[in-house]
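Please look over the chain below before reading on. The briefing that follows takes up a few places in the fold, topic by topic.

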Amino acid sequence: MSTSSQRHKFTLNVDTNSMNPVLSDLEDCLRKQFTPREQNGFLVNGNTKTISLEKFKEDLGIELPDLFFEYYNWLLSVEFENHMGKKMDLSDTYFNICSLAQILRGTKMWQEIQQDDPSREWKQGFVFLSDWDSSNQMVIDTKGIIGKPNCILYWHYAGGAEYLIEYENLEMYLKTKIELLKRGLYFPKDDNWGDFCYGNQNDQIKNFVRDFNVFKRVDF
């Protein structure tokens, strides 16, 4: 792999001597099995450099797993080849990877909503990760208020009545992405977005994610 340890050097309690094996596997998979368009499509907004990791950590004020910072250090530093043609945009799908600025903005927004109405779905220690289809909100439950500490869950605030705990932790979240990549399920096949979002491929994705993880429903 062309990535050097210096390129991934970071200072926020992250071991800089070697790349995290999960991230190494992820990058290796992307480089060997996917086109530049797909490689860059995986990044979505994750490598948007509008705020530094140090500033993000300071402004957020909530402790996150080291792997989170390692992951975003990778997103901000990884370089794939340029690609031509129509952009592959997964920004409003289940695979959305938000920028640090979006994560900070989403967290602060929901904190304000919860302060005005404590009965809302947001809980202390939640950190926003992503949203899709307008009203699905995914978070890390850093304090373990709903599930185990640092589990990843989501809910549908426009009509749902439960939290869906999908990943035990961030490592399982990333390992799931890697397995979906290896199985050819992460991107729309032949740009068939209908099948990817609503059809057979979507069913395959959901079934695999549920089988690969410990899935749990928790009522509000």
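At what angle do helix H3 (residues 53-60) and helix H5 (residues 100-116) pack, and how far apart are their axes? The angle is about 5°, and the axes are 10 Å apart, where an axis is a line fitted to C-alpha atoms, for helices over the stretch in contact, and angles run from 0 to 180 degrees between N-to-C directions. This is a predicted model, in which local features need pLDDT of at least 70 and side-chain atom pairs count only at pLDDT 80 or more, whereas totals for chains, interfaces and linings use all residues. Residues are numbered from 1 along each chain as its sequence is written, and side-chain values use heavy atoms, with hydrogens and water left out.

**Helices H3 and H5**

- Helices here are DSSP runs (H or I, at least four residues), numbered from the N terminus.
- H3 and H5 are roughly parallel to each other, a label given to angles under 35 degrees.
- Leu53, Phe56, Asp59 and Leu60 in H3 meet Leu100, Ile103, Leu104, Thr107 and Lys108 in H5, where contact means heavy atoms within 4.5 Å.
- Sorted by class, the contact of H3 with H5 has six nonpolar, one polar and two charged residues; Ala, Val, Leu, Ile, Met, Phe, Trp, Tyr, Cys and Pro count as nonpolar, Asp, Glu, Lys and Arg as charged, and the others, Gly among them, as polar.

- Leu26 lies in helix H1 (residues 21-33), and with a relative accessible area of 2% it is buried (buried means under 20% relative accessible area, exposed over 50%, partly exposed in between, with a 1.4 Å probe and protein chains only).
- Apart from neighbours within four places in sequence, Leu26 is in contact with Phe42, Tyr71, Trp74, Ile178 and Leu181.
- Although Leu26 and Leu174 are 148 residues apart along the chain, their C-alpha atoms are separated by 8.1 Å.

**Aromatic rings**

- Rings of Phe, Tyr and Trp (its six-membered ring) pair if their centres lie within 6.5 Å, with planes under 30 degrees apart counted as stacked, over 60 as edge-to-face and the rest as tilted; by this rule there are 26 aromatic pairs.
- One of them is the edge-to-face pair of Tyr71 and Tyr72, at 5.5 Å centre to centre and 75° between the planes, and both Tyr71 and Tyr72 are buried.
- Trp193 and Phe196 also form a pair, which is edge-to-face because the planes are at 85°, with the ring centres 5.6 Å apart.
- Trp193 counts as partly exposed at 27% relative accessibility, whereas Phe196 counts as buried at 3%.

Methods:
Helices (H or I, at least four residues) and strands (E, at least two) are DSSP runs, numbered from the N terminus. Angles under 35 degrees count as roughly parallel, over 145 as roughly antiparallel, 65 to 115 as roughly perpendicular and the rest as oblique.
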